[in-house]
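Visitor: I have a structure open and would like to talk it through. Could we begin with a term that I will need?

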Amino acid sequence: MMLIPKKLTIGRKRYSVYNSPSLHKDVYGRCFPAAGVISVASTHKKLPRTAKDQAETFWHEVTHCILHNMGNKLWRDEHFVTEFSKRLNQAVHTAKLE
């Protein structure tokens, strides 16, 4: 299980990370680069989301923020961000310090 941080830095931008109830019908997270805010939904349709699902959302939103910081237009490409962040989440959760 991953503990989602409350703050992180991407480039020179400091982000605050918040847990919130489901934002919209099928929106599990949002990032607001100008405000330095990442929001991760802790519930969906009033039911708790799993730690795994929340971690995947966290990495998804971090990917958006990194690409935005890089000035890369892919930061708005949901398909790319989803596919990249799924693999990033997998890498983080399967990493071993041996």
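This is a predicted model: local features need pLDDT of at least 70, side-chain atom pairs count only at pLDDT 80 or more; totals for chains, interfaces and linings use all residues.

Visitor: Then what does serine 42 count as, and why?

Guide: Serine 42 counts as partly exposed because its relative accessibility is 23%. Serine 42 is located in the loop between S4 and S5.

Visitor: What is serine 42 in contact with, apart from its neighbours within four places in sequence?

Guide: Its contacts are Asn19, Ser20, Pro21, Leu47, Pro48, Arg49 and Gln54.

Visitor: And how far is serine 42 from threonine 57?

Guide: Their C-alpha atoms are 10.0 Å apart in space, with a separation of 15 residues in sequence.

Visitor: Arginine 49 was in that list. Is arginine 49 buried or exposed?

Guide: Arginine 49 is buried, yet has no salt bridge. The nearest side chain of opposite charge belongs to aspartate 53, 5.0 Å away.

Visitor: Which backbone oxygen lies 2.8 Å from a polar atom of the arginine 49 side chain?

Guide: That oxygen belongs to alanine 41. Not counting residues up to four places away in sequence, arginine 49 also touches other residues, including Tyr28, Val40, His44 and Thr57. Arginine 49 itself is in the loop between strand S6 and helix H1.

Visitor: On to H1, then. How many residues does H1 have?

Guide: H1 has 20 residues and spans 28 Å from its first C-alpha to its last, close to the expected 28 Å. Its buried residues include Phe58, Trp59, Val62 and Leu67.

Visitor: What covers the buried residues of H1?

Guide: The cover includes strands S1, S2, S3 and S4, together with helix H2. After H1 comes glycine 71, which has a positive phi, near 75 degrees.

Visitor: How many salt bridges does the structure hold?

Guide: The structure holds one. Glutamate 83 pairs with arginine 87, and their closest N and O atoms are 2.9 Å apart. Both residues are in helix H2, four residues apart, about one turn of the helix. Glutamate 83 is partly exposed, at 29% relative accessible area, while arginine 87 is exposed, at 51%.

Visitor: Finally, where is confidence lowest, and where is it highest?

Guide: Confidence is lowest in strand S5, with a mean pLDDT of 86, and highest in strand S1, at 98. The chain average is 93.

Note on methods: Residues are numbered from 1 along each chain as its sequence is written. Side-chain values use heavy atoms; hydrogens and water are left out. pLDDT is the predictor's confidence in each residue, from 0 to 100. Helices (H or I, at least four residues) and strands (E, at least two) are DSSP runs, numbered from the N terminus. Buried means under 20% relative accessible area, exposed over 50%, partly exposed in between (1.4 Å probe, protein chains only). Lys and Arg count as positive and Asp and Glu as negative; His and the chain ends are not counted. A salt bridge is a side-chain nitrogen of Lys or Arg within 4 Å of a carboxyl oxygen of Asp or Glu. A polar contact is a pair of N or O atoms within 3.5 Å; within protein, one must be able to donate a hydrogen and the other to accept it, and residues adjacent in sequence count only if both atoms are side-chain atoms. Contact means heavy atoms within 4.5 Å. The expected span of a helix is 1.5 Å times one less than its number of residues.
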